[in-house]
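Subject: Structure for your files

Hello,

Here is the structure I said I would pass on. My notes on what turned up in it follow below.

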Amino acid sequence: MKLTRQLALLVFAPALLMAPACVSVKNQMRSTPTATLSKRLPALEVLADQGPLAMNDGALPEDPLKLFQQECRINLTEPTDSATYGYAKLVVKKVRTVRTGRAVQGFQVLTFMVPAVMGIPLEWYKTTLQAEVQVSDAAGNLLGSYSGTGNSEVKVAMYHGYSQTTAPRLADVIALRGAMAQIRPQLDTATARLRPLLLAGGTVENPTLPSSSTVTGSR
């Protein structure tokens, strides 16, 4: 009987590890911090290049663009439904994700997953990401580039954590937000120089706002 129970746990352990955690990743995707520039940039076309993030197992292809669109709408640019005065492009330059604590999973199985049920994490996803925001005028002339690095640590747990299916994505998202948090004050300082250059450069032909959706890179 004891052997049967052990075999059953070994069979169902992967399902337990993949079981949804009680914390929702959707809330994190929508929780852009409010940190508005002292003087917003003019309305810009919003672009994204996921770069090496396309080869990661975490963020979805559309995540960088969606996050950057939120950042621009909430913090960086003036609202508009027509004219845009250039481009703001988010480029992911480097990304590295490591998993730690995986040895604990063997212990969890041997102890009938009791530690996991009691709330002990199963493992952690840790991501370091470097990103750059490039601002160009309507003719495509680069006016400035601003870089930042973000770090994240997301635990996989049955209650106070995330599932193994959502933790990698969330680790990438949090790291990307961290990089934006470093870029934002740089843009705040540069706004006084960028605004007149963008306005003097005129408007973009055939603007796509308010639903700019250009993203490059693929898996």
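Leaving aside residues up to four places away in sequence, Asp 172 touches Leu 53, Asn 56, Gly 58, Ala 59, Val 95, Thr 97, Thr 127 and Leu 129, where contact means heavy atoms within 4.5 Å. This is a predicted model, in which local features need pLDDT of at least 70 and side-chain atom pairs count only at pLDDT 80 or more, while totals for chains, interfaces and linings use all residues. Residues are numbered from 1 along each chain as its sequence is written, and side-chain values use heavy atoms, with hydrogens and water left out.

Asp 172 is part of helix α6; helices (H or I, at least four residues) and strands (E, at least two) are DSSP runs numbered from the N terminus. Asp 172 has a relative accessible area of 1% and is therefore buried, the term for under 20%, with exposed for over 50% and partly exposed in between (1.4 Å probe, protein chains only).

Two of its neighbours are also partners of the Asp 172 side chain. One is the backbone nitrogen of Ala 59, reached at 2.8 Å; the other is the side chain of Thr 127, in a polar contact of 3.2 Å. A polar contact is a pair of N or O atoms within 3.5 Å; within protein, one must be able to donate a hydrogen and the other to accept it, and residues adjacent in sequence count only if both atoms are side-chain atoms.

Next, the cavities. The structure holds two of 30 Å³ or more. A cavity is a set of points on a 1 Å grid over the protein atoms alone where a 1.4 Å probe fits but cannot get out, and lining residues have an atom within 4 Å of a point. Points are joined across faces, edges and corners, and the volume is the space filled by probe spheres set on them.

The largest cavity has a volume of about 70 Å³. Its lining includes Phe 68, Glu 71, Arg 177 and Arg 184. Helix α6 contributes the most, four residues. By class there are six nonpolar, one polar and three charged residues; Ala, Val, Leu, Ile, Met, Phe, Trp, Tyr, Cys and Pro count as nonpolar, Asp, Glu, Lys and Arg as charged, and the others, Gly among them, as polar.

The second largest cavity holds about 30 Å³ of space. Among its lining residues are Phe 68, Cys 72, Val 133 and Leu 187. The largest share, three residues, comes from α3. This lining has nine nonpolar residues, one polar and no charged.

Regards

Conventions: 1 Å grid on protein atoms, 1.4 Å probe; cavity = no way out; pocket = protein on both sides within 12 Å on 5 of 7 lines; lining within 4 Å.
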